[in-house]
Structures are given as structure tokens and as C-alpha cells.
Amino acid sequence: MRVETQVFEGGFSDSVLNAQNVFRALMDAMANPGRIVDVSDLTTPPAPLTPLAASIAATLFDHDATVWCDRAISGSAAAVGWLKFHTGLELTGDTAEADFALISDVNAMPSLESFCRGTAEYPDRSTTLILQIDSFDGADVLTLEGPGIKETQSFSPSHLPRMFRDQWAANRAAFPRGVDLVFAAKGALAALPRTTRITKTEA
Amino acid sequence: MTDLATYNFAYLDEQTKRMIRRAILKAIAIPGYQVPFASREMPMPYGWGTGGVQVTAAVLGPDDTLKVIDQGADDTTNAVSIRAFFQKVANVRVTTKTSEATIIQTRHRIPEMQLQAGQTLVYQVPIPEPLRFLEPRETETRKMHALEEYGLMHVKLYEDIARHGHIATTYAYPVKVEGRYVMDPSPTPKFDNPKMHMSPALQLFGAGREKRIYAIPPYTEVVSLDFEDHPFEIQTFSQPCALCGAKGSYLDEVILDDKGGSMFVCSDTDFCEDRQAKGHRGALAPEAGTAEAAE
Amino acid sequence: MYVAVKGGEAAIRNAHKLLADRRRGDRDVPAIELNQIVEQMSLAVDRVMAEGSLYDPELAALAIKQARGDLIEAIFLVRAYRTTLQRFGYSTALETSKMQIERRISAAFKDLPGGQLLGPTFDYTHRLLDPELAEDGPVDAPEQRDEPEAFTPRVTDILGHDGMIEEDGEMPEGSVAGDLTREPLTFPLERDLRLQALARGDEGFLLGLAYSTQRGYARSHPFAGEIRIGEVDIELEVAELDFPLTLGTIRVTECQMVNQFKGSAKQPPQFTRGYGLVFGQSERKAMSMALCDRALRARELGEDITATAQDEEFVISHSDNVQSTGFVEHLKLPHYVDFQAELDLIRRMRAEHERKHQTGEEAKEAAE
């Protein structure tokens with residue numbers, strides 16, 4: 001397909017209801033950390049963007065959102081063009097000033113610490129990271145606790161940032177400052193807000 | 001003239017919804033923290049639920065069933081007006097039954113029935129800052145939250161005890177969320193505070209005029225501020241509801257005459273009607289079957 | 001037996017019906033038309049456009065008619081509509097020195113380039129009710145100026161040539177003007193956002209504050225350097241074009257106050273500025289805005305903050321009449337749940353009080 005066609009096509013078919021649908025999945029996920037929320041494919045973006053990550057982008061990004069994309073995405077003219085055309089986002093090369101980060105290669109991503117954690121007075125001015133992964137059938141099983149979780153919740157994404165438990169503990173320790181994570185797998189998403197504690201890891 | 005003014009689906013434009021949605025996600029991630037947002041003018045006045053309406057409008061979808069209450073009742077004029085607004089602009093299903101609602105927008109009450117997982121309670125908030133009446137400046141209160149400096153609040157509550165023998169705050173009673181942020185629960189009676197603690201429902205708070213959104217995720221610790229020698233306690237009523245006979249629900253006093261005659265009835269009208277439908281009767285209840293005649 | 005009151009829906013419906021009836025008034029009197037409001041109530045229309053932050057005389061007239069002439073209600077209607085509109089872009093800064101001037105006066109100079117033009121002002125009218133206006137009598141055509149309009153530099157630009165007045169405020173390189181309708185205000189504000197807030201602020205509130213500065217609460221020794229009213233072009237920069245596109249013209253009132261300033265270690269003594277700009281014709285608002293702007297620059301100019309008019313968080317938080325009227329009037333809404341909680345507490349406290357004073361003379365201490 002020609003780049004131009006890829007850029008202009010594949011957006012939401014119903015921008016109002018599709019966005020509402022994806023947002024409710026995100027809200028449900030953020031309110032219930034580690035819960036897997038199904039979302040059907042509503043976009044067909046160019047690679048390396050996945051349909052769900054692109055749907056999240058179309059739901060949350062606009063010209064008031066500053067977004068950092070990892071190398072695989074920012075290196076794809078079609079992917080960047082799609083994001084620009086369908087969301088109007090502001091791109092940044094600086095992880096520390098991003099409202100959102102869009103990451104297709106979780107193994108190669110920068111440390112959580114390099115993103116914006118907000119300030120003590122405005123902890124909301126922090127980065128929300130959107131991680132594209134394959135599935136929630138990963139080998140490692142994390143046990144989660146914290147607000148939104150009645151007792152415990154197990155969580156096993158197929159990909160996690162390197163040294164995740166340490167990185168996450170450091171993020172947790174900075175509370176109320178910190179980053180929040182959204183995992184976008186095929187057909188389902190889950191979230192880890194900064195309040196979530198990882199109490200156990202099993203391989 | 002009909003082309004003079006036209007409005008978008010669910011009233012808010014998509015850009016506004018995105019802005020509010022981003023704020024809601026942050027609010028959930030930082031329980032009890034007030035996220036500033038660029039609140040819009042709404043077609044109802046500031047102070048009449050514009051924050052709650054904006055949150056509801058950003059969240060609401062075609063699969064939702066909406067319930068709107070004011071003072072616990074579905075038929076108070078402002079509740080009727082807000083419900084009609086959403087029926088008009090979003091064509092959404094509405095209900096008065098707490099159990100059937102997916103989204104409940106409320107002013108001043110939390111329903112008596114325990115809310116369920118999957119339900120969202122949206123509060124209309126007039127003054128979101130619990131420290132506002134102790135320190136009117138936003139620049140100062142923001143610092144106090146950042147430094148977790150809540151001594152002033154305890155001093156105020158303790159001064160009440162010294163002067164009145166009681167904490168004299170009966171509604172909008174401050175809570176601490178997940179051990180970190182002191183939060184204003186909106187002007188609900190403190191009777192409702194315990195319902196916020198570990199609630200299975202998601203609680204969202206919208207303050208339109210003051211431009212703040214905050215949240216309590218499900219299963220989150222919400223503790224009313226108190227002292228060891230003066231523990232938090234809720235209001236109790238000496239008599240049951242005169243209509244449904246319920247004990248332990250929050251009651252409104254209805255004046256019956258000008259000679260001091262009054263009765264107490266449930267403020268949560270759905271709760272009360274549901275009990276009456278199940279055959280419960282209070283001292284002044286109409287006989288079964290005649291309630292419909294009311295106009 | 002007690003039967004609970006129902007019927008909120010019917011009550012609202014009937015109230016709105018009655019409102020519509022009262023709005024229309026006596027059906028034998030012809031209904032007022034929007035063009036009559038636009039033409040003959042034009043200063044009301046201007047106020048609704050200014051504080052409604054939407055330049056559209058016809059919509060403002062509709063709002064005034066719908067609001068039965070309640071201007072704050074009309075402003076609210078316009079705001080609630082404006083907020084739903086898509087934003088296409090931001091115009092370039094208005095070039096008021098190129099204004100098509102209808103009125104221009106300076107209280108600081110007797111004469112100056114471009115001259116003094118009184119224009120359509122109430123000034124020097126004797127405030128005597130005119131019974132002839134009760135009828136639709138003939139009105140003479142206004143005088144027309146013969147010579148072409150002279151270049152009319154702004155007084156502050158004239159003063160600026162020899163450094164007598166501070167430079168016009170420039171935004172730092174690369175900064176983008178804020179937009180208070182897009183981002184929540186966080187104090188302290190930069191002047192761009194502060195001026196936006198003042199421009200949509202309530203005329204009466206700003207008038208009162210401006211007056212207070214004249215009476216010694218943050219006195220600033222103001223001179224009305226210049227007031228000009230007229231039409232200016234709205235220009236938009238479009239990426240594909242190398243010249244700005246003119247979208248149309250709007251009428252505005254601009255006021256530049258010239259105020260005393262002692263100077264500091266870094267700066268020689270010079271005059272300072274207070275700025276007001278309002279949609280339509282409203283000198284009272286533009287002058288009040290300029291006085292408030294100057295008072296609110298206290299922090300920037302290193303002055304002591306001693307008066308209300310200098311207190312930015314106070315002034316800006318309470319200047320918006322749509323917010324103020326909403327919250328004041330919300331006290332009409334039912335509060336009986338909270339009232340019940342207070343009743344309960346007071347009863348309990350009174351009972352305790354009585355127990356304590358059972359033998360003494362009865363104390364009827366008024367609870368709060």
C-alpha cells in the first residue's frame with residue numbers, strides 16, 4: 001500500500017462512539033489494575049502500530065497532548081503520518097516532557113525513570129506509557145495489590161520493561177509522583193497505575 | 001434561524017471529552033488528588049452540577065443506564081433536569097433503580113444500597129478543596145497537599161471539640177484517601193462517609209466551577225479524619241422511616257404542620273420505594289396500592 | 001397517612017411554559033426582533049459579546065431576547081454555546097494603531113497627531129430624560145468627515161519615543177499566548193492570561209475594583225492616555241500563504257492608562273501602562289480593565305501588595321460573572337440533606353447544654 005493511503009485510512013469508523021468505547025476500557029483498566037479488558041479492533045494503522053495502541057492514541061491524543069514515540073514508530077513515516085493525521089498530536093523527542101509515550105519495542109525502551117513523573121504539586125503532569133505487547137499469557141506471573149484491587153490480582157503480560165520489579169518499586173516509592181502504564185495486547189488492554197504494588201513474582 | 005446554534009453529540013465536543021478523559025485517568029491513578037482540568041461552560045449554571053455533568057458526558061456511552069439523584073431523590077427538580085439533559089443530548093437509557101444503573105450522578109448523597117463492581121458514582125462537587133475554608137489561596141493549599149501538611153485540618157477539627165464538645169462538621173466531612181491525600185467527599189452528610197471506604201464501585205468527582213476532577217478507585221481505603229479520644233461517628237436517627245420503617249438509613253425531616261409536627265422519611269427515594277414494594281411499612285405509610293395516586 | 005410529593009418533571013415543564021409566557025409579555029405588543037436589539041440595544045449587545053467572549057451581534061441579540069434582557073443570563077447563554085465551537089486557529093495580535101477610528105480621546109494631551117474625536121459618546125450629554133424618544137421621531141444623519149483619515153498613532157507609542165513610558169510588554173521569544181478556555185488557570189498568572197480573564201470579567205466587579213484603586217487602595221496615579229473605539233481587522237496566518245488572511249473586522253474599545261512609577265535601581269523613573277481591550281463599545285469596561293491590569297502588575301513591578309485590586313488570585317477567581325452567579329444562585333437548590341445533618345447536631349448540642357445547666361437559669365445560647 002502507498003504510504004499516503006496508509007496515513008489517511010484506517011481511523012475510527014465512528015469517532016464519537018469508538019472513542020467512548022476505548023476510553024471506557026481504559027478507565028475500567030486503570031480503576032482495576034491488572035484486569036484484562038477486551039477491546040475489539042477499531043483501527044487499521046500501519047505497522048509497527050497495532051490496532052489497539054492506535055485506537056488508544058485516537059482516543060487520548062490531540063494537539064494538546066505531547067507524545068514521545070520509540071524508534072520503531074518514529075522511524076516509520078507511515079506510522080507517524082497516521083498518528084499526525086488521525087490525532088493531531090504534538091511529537092517530542094524528549095521523554096521527560098512527554099504526556100504520553102508510545103512504545104512498540106518494550107525490550108528496548110528507556111527506563112521508567114527517564115519519563116516525566118510530574119511534580120509534588122502537580123503529580124498529574126506525568127507521562128502515561130502505552131506499551132504494545134503480544135498477550136497477557138506471559139511466563140512471569142506478577143501478584144498485584146493496591147487501590148482498585150480487592151485482595152490480589154495476578155498479571156502476566158508477555159513483555160515487561162527490563163528489571164521491571166526494581167523500576168516499578170522506584171516508581172512506587174516516588175508516589176504521588178510517578179508514571180502510569182497501559183499495556184496494549186492483541187484485542188485486550190490492562191493498566192498499572194502508579195499506586196499498584198507488586199508483591200510477588202513467579203516464573 | 002434554526003441554523004443559528006447547533007450542538008454536538010453528548011453536548012461536549014470530542015476535544016473537550018479527550019481533555020476530561022485524560023484528567024479522569026490521572027485522577028484514578030492518584031486517588032484523592034485534585035486534577036486541574038479546563039472545565040467548560042455548560043448549559044446549566046456553575047454550582048448546579050457542571051462538574052458532574054462534564055464527567056458523566058465524557059464517560060457515558062450507548063450501553064449505559066443512567067440514574068441521577070439530588071439529596072438522594074430521583075425526582076428533585078435539579079435531578080430531573082440533569083436526567084432530561086442526558087436523555088436529550090445522548091439519548092441514554094435512564095432509571096431510578098440504583099441496582100440497574102451503570103452510572104449514577106449524585107448531589108449530596110450516596111445511595112443506601114451497597115454499590116456493585118462495575119458501577120460508577122459521579123459526584124457533583126461545589127468546593128473540591130478540603131482546606132479551602134482554612135486557607136483560601138490555591139497557591140497555599142496546593143503546597144500543603146504536596147508536603148502532606150494537614151496539621152491545620154486537625155487543629156480546626158480539634159477546636160470544634162474544645163468549643164462544642166463535638167466535631168461540628170456534619171457534612172463534607174474530610175477523609176484521607178489511601179493514607180495520602182486529604183479529600184473533600186462533596187457535601188454528603190458524614191453518615192455516607194463509611195460507604196466510600198473499600199467501595200466496589202468507581203467514584204469520580206467533578207467540580208466544574210473550580211475546574212477539578214478527582215477519583216477514588218474501587219477497593220480503596222477512605223478514612224474519615226478523627227482523634228483517638230473523639231473517634232469519627234455518624235449521625236443516628238431515633239426513629240425509623242415513617243414510610244418504609246427502615247432503620248439505619250439517612251432520613252429527611254418533613255414538616256407536617258406549623259405546630260412542630262414532623263416526620264422522618266428516607267432521603268434515598270429508590271431505597272424507600274423498593275422497601276415499600278416489598279411490603280415494609282412505616283407508621284405513616286399509605287396502604288399498599290395507593291402510593292401511585294400521588295401527584 | 002402521608003403521600004410523598006412527586007412531580008418534579010411536571011413542575012419544571014410548567015415553570016418553563018410560564019417563563020415563555022412572561023418572556024413574550026402582552027401578545028398585543030409586537031414581538032421584539034433581533035435586528036431591533038442589534039441596532040437599538042447595541043451597547044447591551046456589546047456587553048454580552050464581550051463577557052460572553054464571542055463576537056456575534058445576532059447571537060448576542062438572541063441571547064438577550066431569550067434572557068428577557070437579563071444580561072448576565074444572556075452572557076451565560078452565549079458562553080455555553082461558544083464552548084461547543086470548534087477552534088480553527090488563533091488570529092495574529094490586533095493592530096489597533098491601524099484602527100478605523102470612530103472615537104479617540106486622550107486626557108493626557110490637549111492635541112496630538114490624528115486629533116481628538118469625540119465620536120458617539122454619552123459624555124457631555126445632559127442626563128435629562130428625553131420624552132421624544134418615547135416616539136419613533138426622525139433622526140438626522142450624522143456628520144461625515146471630509147478629509148481622509150489621518151494616521152493616528154497610539155499615545156503610548158508617542159510617549160515611547162523618548163523612553164518616558166515603559167516598553168510595550170513583549171512575550172518572551174517563542175512563547176505562545178495562553179488560552180484560559182483550554183487550560184485551567186494556575187496562579188500566579190502571566191499577563192496574557194490575566195488580560196484574557198479581565199476581558200471576559202464582569203463589568204460591575206471590575207468597575208468597583210478600579211474605583212477602589214482611585215480611592216487609595218493601591219493608588220496608581222492614572223491618566224487616560226488614550227481611549228479609542230473603532231474597527232480593526234482580524235488576521236490569520238495560514239501555512240500556505242506568505243501574507244496574513246483578513247477574516248473580517250470587529251469593533252473594539254481600547255484603553256491605555258498611563259500611570260506613575262518611581263523607578264528602581266535598574267530602571268529610571270518612567271510611566272507604566274495599564275491595558276484594556278473589550279469587544280464593541282464599552283469605555284467603562286475598558287478603563288476598569290486597564291486600571292485593574294495596572295494594579296495587578298504590582299508583583300511584576302516590585303510594588304507592595306496591600307490592596308484587594310492587586311491580589312491576583314482574589315481578583316481573577318471572582319471576576320467571572322457566569323461562575324459567580326451560578327454559585328451564588330445554587331443556594332436555591334435543595335440542601336435539605338445537609339441541613340438535616342446540621343439540625344441534628346444542633347439539637348444534640350442543645351440537649352447536652354440543657355443537661356449541663358439544668359439547675360441554673362436556662363441558657364438560650366444561639367447556636368451558630
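**Two domains of chain C**

Mentor: The centres of domain 1 of chain C and domain 2 of chain C, taken over C-alpha atoms, are 29 Å apart. Keep in mind that this is a predicted model. The domain assignment gives domain 1 of chain C as 9–82. Domain 2 of chain C is assigned in pieces: 96–118, 149–168 and 182–326.

Now the contact between them. Domain 1 of chain C puts 12 residues in contact with 13 residues of domain 2 of chain C. Which elements of domain 1 of chain C give two or more residues to the side that touches domain 2 of chain C? They are α3 and α5 (71–82) of chain C. Helix α3(C) provides the largest share of that side, with six residues. By class, the side of domain 1 of chain C that touches domain 2 of chain C has seven nonpolar, one polar and four charged residues.

Stay with α3(C). Helix α3 (residues 42–52) of chain C also meets helix α4 (residues 57–66) of chain C. Their axes come within 9 Å and cross at roughly 100°. An angle from 65 to 115 degrees counts as roughly perpendicular, so α3(C) is roughly perpendicular to α4(C). From α3(C), the contact residues are Ala44(C), Val45(C), Val48(C), Met49(C) and Gly52(C). From α4(C) come Pro57(C), Ala60(C), Ala61(C), Ala63(C) and Ile64(C). By class, this contact has nine nonpolar, one polar and no charged residues.

Chain C also has a helix contact with chain B. Helix α3 (residues 77–90) of chain B and helix α1 (residues 8–24) of chain C have axes that come within 9 Å and cross at roughly 80°. That makes α3(B) roughly perpendicular to α1(C). On the α3(B) side, the contact is made by Thr77(B), Val80(B) and Ser81(B). On the α1(C) side, Gly8(C), Glu9(C), Ala11(C) and Ile12(C) take part. By class, the contact of α3(B) with α1(C) has three nonpolar, three polar and one charged residues.

Last, a sheet in chain A. Three strands form an open sheet in the order β7-β6-β10 (chain A), with antiparallel pairing. Strands β7 (153–155) and β10 (197–202) of chain A stand at the edges. Each has a single partner strand, so one side of each is left without a neighbour in the sheet. On average, neighbouring strands of this sheet are turned by 30° against each other, direction ignored. Strand β6 (residues 141–145) of chain A pairs with β10(A) over five bridges, in the antiparallel sense. Thr143(A) stands opposite Lys200(A) in β10(A).

Conventions
Residues are numbered from 1 along each chain as its sequence is written. Chains are lettered from A and ligands numbered from 1 in the order in which they are written. This is a predicted model: local features need pLDDT of at least 70, side-chain atom pairs count only at pLDDT 80 or more; totals for chains, interfaces and linings use all residues. Axes are lines fitted to C-alpha atoms, for helices over the stretch in contact, and angles run from 0 to 180 degrees between N-to-C directions. Helices (H or I, at least four residues) and strands (E, at least two) are DSSP runs, numbered from the N terminus. Angles under 35 degrees count as roughly parallel, over 145 as roughly antiparallel, 65 to 115 as roughly perpendicular and the rest as oblique. Two residues are in contact if their C-beta atoms, placed from the backbone, lie within 7 Å. Ala, Val, Leu, Ile, Met, Phe, Trp, Tyr, Cys and Pro count as nonpolar, Asp, Glu, Lys and Arg as charged, and the others, Gly among them, as polar. Two strands pair if DSSP finds at least two bridges between them. Domain bounds come from an automatic or database domain assignment.
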